[in-house]
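Reader: Please show the model and take me through its local features in a few questions and answers.

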Amino acid sequence: MNELINVEAINDYINTNNWTSYRFSKELGLDYSYVYRVLKNEVNGGNKFISRLIDFCNKNKIEISQFIFLRTPLSRDNNHTA
């Protein structure tokens with residue numbers, strides 16, 4: 001399982017929009033085989049995938065937190081969440 005990318009939410013988005021993973025890969029501007037492996041949890045999406053996903057979300061006015069798991073930051077004392 002990918003610890004940063006919410007693959008399930010991305011797949012739901014693709015299905016809701018009646019897209020294919022091929023279409024999504026073209027929207028991201030990434031190689032289809034790489035995107036396919038990320039969406040099947042065969043590889044973790046690296047910096048390139050994440051940066052393209054952020055660009056995609058910004059372009060389509062989608063909140064990036066829908067597709068990326070954001071960790072809750074610690075408070076200044078590093079003992080409690082902010």
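Reader: Which residues of α2 are buried?

Author: Helices here are DSSP runs of H or I with at least four residues, numbered from the N terminus. Buried means under 20% relative accessible area, with exposed over 50% and partly exposed in between (1.4 Å probe, protein chains only). By these criteria, the buried residues of α2 are S21, F24, S25 and L28.

Reader: Against which helices do the buried residues of α2 pack?

Author: Contact means heavy atoms within 4.5 Å. On that basis, the buried residues of α2 pack against α1, α3 and α4.

Reader: On what basis are these values stated?

Author: This is a predicted model, in which local features need pLDDT of at least 70 and side-chain atom pairs count only at pLDDT 80 or more, whereas totals for chains, interfaces and linings use all residues. Residues are numbered from 1 along each chain as its sequence is written, and side-chain values use heavy atoms, with hydrogens and water left out.

Reader: Which residues does S25 touch, not counting residues up to four places away in sequence?

Author: S25 lies in helix α2. This residue counts as buried because its relative accessibility is 0%. Leaving aside residues up to four places away in sequence, S25 touches L30, D31, Y32 and V35.

Reader: Is W19 buried or exposed, and what does W19 touch?

Author: W19 is placed in the loop between α1 (7-16) and α2 (21-28). Its relative accessibility is 15%, so W19 counts as buried. With residues up to four places away in sequence excluded, W19 touches Y13, I14, F24, E27 and F56.

Reader: What is the phi of the residue that follows α2?

Author: The residue that follows α2 is G29. The phi of G29 is positive, near 75°.

Reader: What is the relative accessible area of N41?

Author: N41 is in the loop between α3 (32-39) and α4 (47-59). Although N41 is not a glycine, it has a positive phi of about 60°. N41 is partly exposed, because its relative accessible area is 40%.

Reader: Where does K61 lie, and what is its relative accessible area?

Author: K61 lies in the segment after α4. K61 also has a positive phi, of about 55°, without being a glycine. K61 is exposed, because its relative accessible area is 76%.

Technical notes: Helix = DSSP H or I, 4+ residues; strand = E, 2+ residues; numbered from the N terminus.
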